[in-house]
Amino acid sequence: MTSGQECQDVQGSGDDVSSLKAKVESYGTREDDSAQECKSGDDSSENNSESSSESESDTEETDIRKSDEALEKNELLPPVESEAHSQFRCEHVKTEHNQKEQVTPRKLSRGQFWLKLEAEGTYQCTVTGLIFDVTKAAVIKYSVLSWSKYADYVKKPWIVGGPIFDVSCDTASVLTSIQFPHSLSLNDHESDMTFKVLHIKSTGPAIEPSVDHSMTHVKWHVSSLSPVGPVIQTQEPVHYNGAVILYKVVNNHPSLSFRVYVATNNDSFIKDISNAVKHSDKKFIKIDKPPVCKKQLQDGKRYRLISESEAEITPEEIEFVDGSLLKLKSYFEVYLEQPMEFTLSLIELESEEIVWKAKLRECDWILHDQNKNERKRNAISNRRRKSSNSLSDEEFYNKRLKGRDISADLYPVCFLDGTKAKTTLTDQQLMTLAKKMGKDWKEIGIECLKLEMKDIQQIQAKEEEVNVHKFLMLEKWRKGEKSNGTAQNLYDSLKDHVSYEIIQILEGFL
């Protein structure tokens with residue numbers, strides 16, 4: 001509300017002079033406080049200033065549009081530095097934060113995600129980056145698709161701008177708009193770009209207009225629900241946010257062999273790479289290194305992968321293109337005769353700048369072999385216990401339980417008859433899971449872990465922060481399950497009800 005608007009409200013209220021004076025003074029105090037808060041915010045974080053600034057033209061637009069429309073518009077506009085509008089920027093950040101709630105989906109079979117949205121609002125998926133605008137409660141299902149399936153529909157001058165998704169909603173009219181993440185690095189190249197979406201309808205493909213775009217998303221008003229993804233048209237060279245993804249060949253040879261993929265930071269592209277590796281004749285493990293390139297990739301420029309240690313790299317260099325539409329993805333092959341630590345760097349040939357760099361150590365891939373050897377050692381250990389231990393099953397188990405909490409054991413125990421005492425989850429593992437649970441943890445406790453509402457209420461009665469509450473819920477489940485409080489049992493109970501991230505953590509425990 002502007003000062004003129006508030007003064008009009010005060011004059012129309014019929015208050016006496018002293019009341020009017022008090023209101024004006026109160027307004028002045030609030031305005032001073034707001035300005036001070038904005039100044040403090042600008043000083044404390046350059047990022048806050050960048051993410052919340054608005055252009056002068058947007059401010060003028062705000063005066064002639066309804067407030068909700070203006071806020072929706074402003075949320076998608078790129079930041080512009082302007083100290084004159086610092087107060088408006090601070091208010092905008094607060095509104096944007098309140099309007100866009102982060103939600104973590106549950107993962108269903110075949111790579112499908114499931115979200116239950118409880119009320120009207122704007123929600124952003126923490127896994128895919130999709131942003132949904134709904135007018136009331138809704139259940140949305142969606143999945144990442146491959147652009148290569150629709151390559152024939154993307155004709156020049158149009159090119160892929162980001163991942164393509166298949167989205168469905170239990171009540172289609174409730175889902176009014178979707179914001180699709182794009183993989184473009186806009187900066188100064190935005191003015192010449194046209195943003196639209198490719199919509200694969202039952203009647204055939206169609207290029208449909210977008211509502212707006214930001215530095216990260218393209219917004220589209222939902223016309224119908226079927227595969228949709230952002231496309232762009234431009235005469236200028238395209239700059240992408242890039243990613244480098246590594247896989248190591250798993251075999252019995254002492255030598256090292258890797259695949260290094262250079263991709264756009266695009267879920268469809270990355271999913272295609274994962275599928276290609278999965279269906280290869282060779283066996284691979286993914287090497288976990290920071291994938292994001294520190295310098296944008298440019299279409300048509302040449303890049304070289306180099307190693308500080310002696311290694312065979314094929315090909316020596318590549319010309320980068322967005323391979324989203326290609327079924328076969330190109331990659332570098334890296335081969336080292338002897339296992340050793342080494343550093344890989346991706347270099348842009350024209351500028352000789354380092355685009356991406358990572359040091360690979362033996363521990364990055366030895367874990368796979370360690371797990372295999374650990375299983376062998378456990379089998380040997382179990383056979384030794386079986387032959388040397390004369391205690392009864394019950395005595396042996398009770399002695400273990402009395403001497404040390406079995407939940408702290410990381411390896412299975414074997415009884416005299418050869419059966420294994422199941423490894424229960426540790427406190428540390430439960431806390432790791434608790435920190436990843438969302439707002440629906442109470443529903444999960446009741447629906448999946450067989451807790452009662454009184455159990456949840458007793459947990460919440462303790463003055464602890466919410467992650468501790470979630471931990472206590474999981475701990476109560478573990479106590480109730482006794483020796484069955486295992487990662488496998490918890491995985492079986494939660495696999496259809498929790499986020500993909502939690503499923504991955506549980507699979508890691510297994």
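Me: Hi! Of the 510 residues of the protein, what percentage count as buried?
Reply: Of the 510 residues, 42% count as buried. Buried means under 20% relative accessible area, exposed means over 50%, and partly exposed is in between (1.4 Å probe, protein chains only). This is a predicted model, where local features need pLDDT of at least 70 and side-chain atom pairs count only at pLDDT 80 or more, while totals for chains, interfaces and linings use all residues. Residues are numbered from 1 along each chain as its sequence is written, and side-chain values use heavy atoms, with hydrogens and water left out.

Me: Thanks. How many helices and strands does the protein have?
Reply: The protein has 15 helices and 27 strands. Both are DSSP runs numbered from the N terminus: helices are H or I with at least four residues, and strands are E with at least two.

Me: Let's look at some lysines. Is K286 buried or exposed?
Reply: K286 counts as exposed because its relative accessibility is 53%. You'll find K286 in strand β18, residues 284-287.

Me: Which residues is K286 in contact with, leaving aside neighbours within four places in sequence?
Reply: K286 is in contact with I245, L246 and Y247, once those neighbours are left aside. Contact means heavy atoms within 4.5 Å.

Me: And what separates the C-alpha atoms of K286 and D364?
Reply: Those C-alpha atoms are separated by 9.4 Å, and the two residues are 78 residues apart along the chain.

Me: What about K301, buried or exposed?
Reply: K301 is buried, because its relative accessible area is 17%. K301 sits in the loop between β19 (297-298) and β20 (302-307). Not counting residues up to four places away in sequence, K301 touches I318, E319, F320, E348 and E350.

Me: New topic: helices! At what angle do α10 and α15 pack?
Reply: Helix α10 (residues 427-436) and helix α15 (residues 500-509) pack at about 165°, with their axes 9 Å apart. Axes are lines fitted to C-alpha atoms, for helices over the stretch in contact, and angles run from 0 to 180 degrees between N-to-C directions.

Me: So why are they called roughly antiparallel to each other?
Reply: The label for α10 and α15 follows from their angle, so they are roughly antiparallel. Angles under 35 degrees count as roughly parallel, over 145 as roughly antiparallel, 65 to 115 as roughly perpendicular, and the rest as oblique.

Me: Which residues in α10 and α15 meet?
Reply: Q429, T432, L433 and K436 in α10 meet E501, I502, I505, L506 and F509 in α15. By class, this contact of α10 with α15 has five nonpolar, two polar and two charged residues. Ala, Val, Leu, Ile, Met, Phe, Trp, Tyr, Cys and Pro count as nonpolar, Asp, Glu, Lys and Arg as charged, and the others, Gly among them, as polar.

Me: How do α10 and α13 pack?
Reply: α10 and helix α13 (residues 466-481) pack at about 130°, with their axes 8 Å apart. They are therefore oblique to each other.

Me: Last topic, the sheet. What is the strand order in the open sheet of six strands?
Reply: The order is β1-β4-β5-β9-β13-β12, with mixed pairing. The edge strands are β1 (100-103) and β12 (212-213), and each pairs on one side only. Two strands pair if DSSP finds at least two bridges between them.

Me: How many bridges join β1 to β4?
Reply: Four bridges join β1 to β4 (residues 121-125), and these strands run parallel. In β4, Y123 is the bridge partner of E101.
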